[in-house]
Structures are given as C-alpha cells and as structure tokens.
Amino acid sequence: MSTDLTAVESLKLAGKSLSERHQLPDLRTLNFSDLTAEIENFLASARLSEKKSAWQNLLNLTLEIKSKSELRQDPTLGEPWHLTSVTVLGYQGATNQVIMKIDPSPGVTIIHGPNGSGKSTIADGIRTALSGSTKWWTSAEHKSSRSKLEPLWEKVHAARDAEKTVAEVTLSRENEKLTLCCLIDGNGEVISHEADWLLPTGESVKIHLEDTTWSHALAGHPPVFAYADIERRVQQSKDLREYIENLLAFGGCFVVLNDRVADLSEKATSAKKLIDDAAKEAKRRIAEVDEINGKLDPSARVKTITWPAWIPDIDAWLEENELSDSGVSLPQVTDRHWETLSAALERTEEAFRKIDSSPDSVKRRLANSLRGFHQHVVDLESPGTECPVCESEQADWPARLQGSIIELADLEPLHLEAESSLGELKRSLETEFRQVVSVLVSAPTPIATSQDLLDRAQYRASELCQVLKRYGCQPTGLAHRSFLELRSILETRDWWRACAEAAGLSAFDKQWRLKRREAIEDFVSTCREHMVIASENQLWKATSSCLKDLASHLRDKRAQDFTTLAGGRVKELLDDAGILLEDVRLTTQRAEVKVQNPAGQPLSLSMLSAGQRNAFLLAPLLATIESGPFGFLVLDDPVHAFDDIRVDRLSAVLAEIAAARRVLVFTHDERLKAHLMARSLNCHSWAISRDLETGVISLESTDELWRMLLDDAEDLRALAPKVSVNGYLTETQIIRGLLRQALDIALHQSIVRNALSGGRDVSDDLALLDSCQSTVARIDKAEEIINVPAGSKHPVREAKLRCGNLLAVWNNAVHGASTTKNDLKSEIGIARKACSDLVGG
C-alpha cells in the first residue's frame, strides 16, 4: 500500500504543521529595537560603575545609529517580497534571453528537465541578481587562481561568446515593485548592480543596496538553495560554523553597530597611542634639555616634571609643572649687557672729548680725511702735477700733503683711540644692545618698557651703525652727532630699567623652562588634538567587551532557537533514519553540532550518507526561511542522493512551506515532481530544455494540477461504475468534487496570469477571488476581475457558458448534496474544456 498522501490530506497536515510552527521561536533578522532591548537588560543588571558606563555608552550609540537608520529607505523592512519574474541573457548556459514569469502567490512551481537543460542557470541567475555577486551569499571568497586550492568545478558565469551577460529579477509586494539587474563582464565578475524601487506613491527611486541591510538579509535568510554550491563550500567545521552563524540572522543592524564600535574603539586606541608616543619623545627631549642646561649652570634649579599615567587636563598639568609660558628661546640678558654697553659709551665719549679738546683748526678737523686722502695718493703710480683741490699746477702738491699729515701726527693717537672706541661700541650695539631689544620685543606677555623707547633706541643705534659702516668707524662729525643722539637715550634711567626687565625676562631658569616647553610642544599639540578621543579609550575598550558579551548572549540564545527550528526540520526529513539534531554551539573557530540517534547515542557527521548530509544541510535553511523578508524559496536539485522516503518527506515539508509562500523547485527527479504535484493544490509545472548546438533554453508548461485532477476523476469513473452507498461521499460526489477543484485551480491560474500581464498586484486579485465561497460566486467575481482587450473572448465568460448549471451541481456535490450519476464522462469533458478556456491551453 502506498504511503503517499493525497492533496487534501497534505493540506490538513500542512495546516496543522503551520499552526504548530507559529509557536516556535522566530529567527527574524535583529533590528535596532531588538538590540536596544537586549542592551537595556544588560544595563539594568550591571553592578560595577565601569560596566554601567560601558553599557550606557553602547546603548547611546545604538539609539544614535537607530535614529539615523530610520531616515534611510531599506527594502528589507515591511512585508515580504515575492518573486514575479527572472530574466537571464548570456548567463552561464543561456545564450539566448530567457524570461520566466512566476506566480507569486503561495504554491509550488516545478521546473524539471535533464542535466544540462539550464535549471541551474536560472536558479543561479536569481541568486546573482538578488545579491549582486557571482559568489556565495556570505563573505567567504573562493581561492584565487594562483592558489593550489583553486576549485576545480567553479562555474563560468558569462556564456561563451556572449555579447552581454545579464541576470535580472523582479520582486513585488502590494503596490511596490523592486527590480534588481546585474551586468556581468566577460570574466564572470559583476560590474554593476542596479536596484529600481517603485514605491506605493508611484515614484521610482534607485537605491544603493550596499547602504541597506539587504546583503545581511540574504545571508541570514537565503531564498536560494543549491546543494552543489553548499556542499562544495561546507567542507570543514569552520565552514559549517559560518553557514550556521549566517542563518542565526544577526543582520545588518548588529554588523553596523559592531563596525561602529570597532571604529570608535580603534580611533580611541590610536589617539591614546599617539599621546603615549608623544609623551615618550617629550620625556627624552626634556632629559636632553635638562642635561645641557644643568651643565651650563650647575647652581640653577628648576622643578622636576611629573609624568602621570594619564593627563586629564593638559593646561592644568602645564601650570603645575611651570610650563605654561611658551615662546622661542631667548639669549640671556645679564648685568654684563648693561655694563658692557655703558663702558663702550663712556670710552667713545672720552675719545671724542680728547679730540675736541685739542687746538682747533680746519686742518685738525679734517685730519682723518686728509690721512685717508694721502693714503690714496700714495697708492697712485703717477699723481700728476695738478692739485686736485685748487686745480693749479703744483708739481709738489703730494709732498705738501705729506707735510700736512706729518704736522698732524700728534692727533693720530687720539683718532686711533676714537676709532677703536667706535668699533667697540658698534660691536656692543650689534650684540648686547640687540639681545636686550630682542628679549623685550619677543616677550610673551606685556612689558613695562615703552614701545616708543625701544623704537627710538633702535632707530638711533641703526643710524650710528650705518655711519660707522660707511666711514669705517672714523670719528667723523656725522659719527659724533649720531653717537650723541644715541647716548641721550641709552644713558637714561628708562633704558636701565629696560635692561633690568630684559634680564628678568631672560633669566637662566626662565630660559630653561622655555626650552623645556619648546621640547614638549609636539606632545602638547598632540594632547590638544587627540585628548578627547583618547580619554575614552578605556570606555571603548569596556564597550567592546560589552558588545562581545552581547554577541555571545545573542549567539547562544539564537543558537538554541536555531537548534529548535532546525532540529524540527531534521526530524521531519531524517526521523526514519534515527537522526536527531540535539544541540548546536558556535565557538570562534568551529561549529559544535551534536547529532544522536533515538537511543541518545552520539553520531558523527562523517557517518551520514550523501543523501542524509544533503538533508542535514537543507534543514536549517528550511527552518529559517519564514523569518526573512523574502516570500519565496528557490531550490536547485534539493534531492541530491535522496532515497524515495527522503523525497516524500521533503515534499511534505515543501508543501507546508508553500502554503505561505511560492516555492520554486528546479529538478530532474521525476519522483520529486510527482510528490509535489500530489501534495500541492496550487502547483505549476514547467519543462526546461536546452538545444545542444545553439544553447537556446526553452520553457514549456506541462501537465498542470487541474489536468491531473481531471485524469483522476476519469480513472475513478472508470473504476467505479456503480454507485456506492457505504462511503461518506459517493463516487459521483467525489468525481464532481474533483471537477469543481480542477475548475477552481484553473480559475486561480487565470487570475494570476491576467494580473501579471496587466501589472496588477496578484495578492489583491486573489484576495478578491477568495472573498467568494461558492463556485458560481467565484466565477462571477473572476469575470469582474479579469480584463481582456476589446474584441477578445473573455476566458471566464467562455468557461461559464460552457459549464452552465453544472457549476452549482459540482459545488453542491462537495458538500454532500444528493446527486444522480447522469453522464459523468460528458461532465469531465466539459470541465476539461472549461479549464482550457480559463488557462488558454
């Protein structure tokens, strides 16, 4: 006796299973509200002040990110998306453009065909268009071509000689549509991934999916399963850990929070390191300054600098260590500066006095000039006979000039003394005087010395130096006048006070402290720039620790929920083999999966057969798909190495899932096709084929469920020619119930096809249809819903006219109304034609 379930029984079990699953944990993707609630729980239970501060910091950051994220458009929020079409061109084995329209309503779509017919091409095209990548859902990348571990059987995503490679899907929900299109280069790499979102307002916007949680939703709730792909990548415990951890669906919110904490923590750590490195260098430079200045004046004393582990207030620290004053290092002004300059002034004044006290004459006043003139004449080879002064012919004028010089010999010592004094004064002005002025001018704070005094002193000193430079420090009248003007300024009490102030400003200990400050200037500027961030270093370290605690808590909690959900699916698929999932624990490096038999004895994953391993990897995905933002599931070759029992068990699970979402199954296995069609009332079947020469992929609708129901009705009529009186329903009532069911399925398909072609929301049209209960009412409602071009036949109206009063007869038969057998063969024929009218085939 066959153990297969009928469609009605399957729906009853699916309804029961769905009711039970509503009580199971929900592994939906975590959002910021979830994270906030968990963090608040940790904050409430924290005892140590440091922990409280860290949890509060994490909570504040989460709320900040949440408020910003609410301003962004994210397609993962809201109702689930339904798949309505897929298009591939030049992709993998599709040399032609393949467009597949898909009924988005709950049910099963079977695409069956032999190996190489293009099933995986369409399934992979869906995944590539959704993810914008030809890689796997997760971050795991393939080994590079340079690696010896390069996969041998990696797919080539661009068809040979393809001018253009495109993978595109269209998703819909209520009044929204999302079109995702991937353009792929000749190397099989995605070069663009565009997302166009048609909003309920009618506005179409382009969105950048990388700025949303889309990729995390795909990783946590992958809507496409390809056993060959999973099996090839899950080879080690760390691979299984990654596969399971993604299904825990921490989601983009947690990733964003984790990345933000890591970024802020890294910035605080870097800032702290910059300050520590700057402090280390400052200590070294301070030691050098102290060593040099200590040798210059062993008697001088400055305060020892304190270096605490952390300086919370750089200005207070500078004040405490007498380092607040800053500025360039100045020459030290002492009493020597005043004394040296005063002595030079006195000697110069005395030299001029001696010259002035000698007998006066023009010749004496011009003595220096005459000596200079005579020296030039001596240097001439032939001075000539014409006197350059009177222009008369005096052949002996050079001799007369020499005689005059001899007469002035007694003045030469006086002039030499004056020349020496002026030279000494010039040097003193260029050193001592200039240092005094530079100290006063460079003072970091206001000084008592008037600016007018400094300006006048500098002007007169500069004027005298220029005269001395021009005439070689000769005691000329101009030099004498400039000297007297300068002396009138520098021999005043105001200037003495200025020198005393300069000495105070440039005291040795003060200069020592200024040099110290100069040595730590980089440290001070580094502190000012990074102190605020660096001061939070310990806080962010504690916050990172809290986030790890949160991740561990969520991982353990969701791993338990995952174990419950996945364990249920494993039981549904492998219970007959005695394989039970007991526990799942994830460490940082591996996945610890405990599998046991009904006796509680542990089983190693390596002990599973190929089919059992496939079922074991498929179970977690089937367990978590309901929590994601995708209202569809795509399975490529899900029964690899399955035996008949496993095919039947998987079909039961898929029928249950298909009660709430569209399930697309790509398979070459006729067993799976038969089981799914038997278990699912809303089931579409397509045959896929590929021309080996041209590579053209074709899709063709095959026997649909309504045809199978009508065939079952015909078989039942032939096998039960007599009316039975023992059953709850007579054979006639059963046959007419099958006719009514077949017509309703065809009516459902007609509504879906017309909604898709007309650009209407399928779920809205189906909701209108399901608002009517009787067959006649549903036919009338469908006639209102379906739109046809003017002049075309209305499929529902044609079917309605063909069936006439049989619609009521078939409807009443389902509810046990008394009926006569009449010509059931004719009724089956009418129903078959009516269904063909509805679906156009």
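The legends below describe several close-up views of one predicted protein model.

Residues are numbered from 1 along each chain as its sequence is written, and in this predicted model local features need pLDDT of at least 70, side-chain atom pairs count only at pLDDT 80 or more, and totals for chains, interfaces and linings use all residues. Side-chain values use heavy atoms, with hydrogens and water left out.

**View 1. The protein chain as a whole.** The protein chain holds 30 helices and 15 strands, where helices (H or I, at least four residues) and strands (E, at least two) are DSSP runs numbered from the N terminus. Of its 841 residues, 46% are buried, a word that stands for under 20% relative accessible area, with exposed meaning over 50% and partly exposed in between (1.4 Å probe, protein chains only). Among contacts (heavy atoms within 4.5 Å) with a separation of 6 or more, 74% link residues 24 or more positions apart.

**View 2. The largest nonpolar core and a second one.** A nonpolar core is a set of buried Ala, Val, Leu, Ile, Met, Phe, Trp, Tyr and Cys residues joined through side-chain atoms within 4.5 Å. The largest core has 77 residues, and L58, Y243, I244, L257 and L622 touch the most other members. Helix α20 (residues 537-574) gives this core its largest share, 13 residues. Apart from it lies another core of 39 residues, including M100, A123, C182 and I207.

**View 3. Helices α3 and α20 where they cross.** The axes of helix α3 (residues 49-69) and α20 come within 8 Å and cross at roughly 75°; axes are lines fitted to C-alpha atoms, for helices over the stretch in contact, and angles run from 0 to 180 degrees between N-to-C directions. The two helices α3 and α20 are therefore roughly perpendicular to each other, since angles under 35 degrees count as roughly parallel, over 145 as roughly antiparallel, 65 to 115 as roughly perpendicular and the rest as oblique. Among the residues that make the contact are W55 and L58 of α3 and W540 and L547 of α20.

**View 4. Strand β4 and its partners.** Strand β4 (residues 165-173) is mostly covered, with eight of its nine residues buried. Two strands pair if DSSP finds at least two bridges between them. Strand β1 (residues 82-91) pairs with β4 in the antiparallel sense over seven bridges, and V88 stands opposite A167 in β4. Strand β5 (residues 176-184) also pairs with β4 in the antiparallel sense, over nine bridges, and here V169 stands opposite L180 in β5. The hairpin of β4 and β5 has two residues between the strands, and E174 takes a positive phi near 45°.

**View 5. The open sheet of three strands.** This sheet has the order β9-β10-β11, with antiparallel pairing. Because β9 (580-586) and β11 (602-603) stand at the edges, each with a single partner strand, one side of each is left without a neighbour in the sheet. Helix α7 (residues 237-247) packs on the sheet, touching β9 and β10, and its direction makes about 90° with that of β10.

**View 6. The open sheet of six strands.** Here the order is β8-β12-β13-β3-β14-β15, with mixed pairing, and the edge strands β8 (224-226) and β15 (697-701) each pair on one side only. Five bridges join the parallel strands β3 (residues 107-112) and β14 (residues 683-690), and I111 stands opposite W686 in β14. Helix α22 (residues 644-658) lies across β3, β12 (632-636) and β13 (662-667), running at about 145° to β13.
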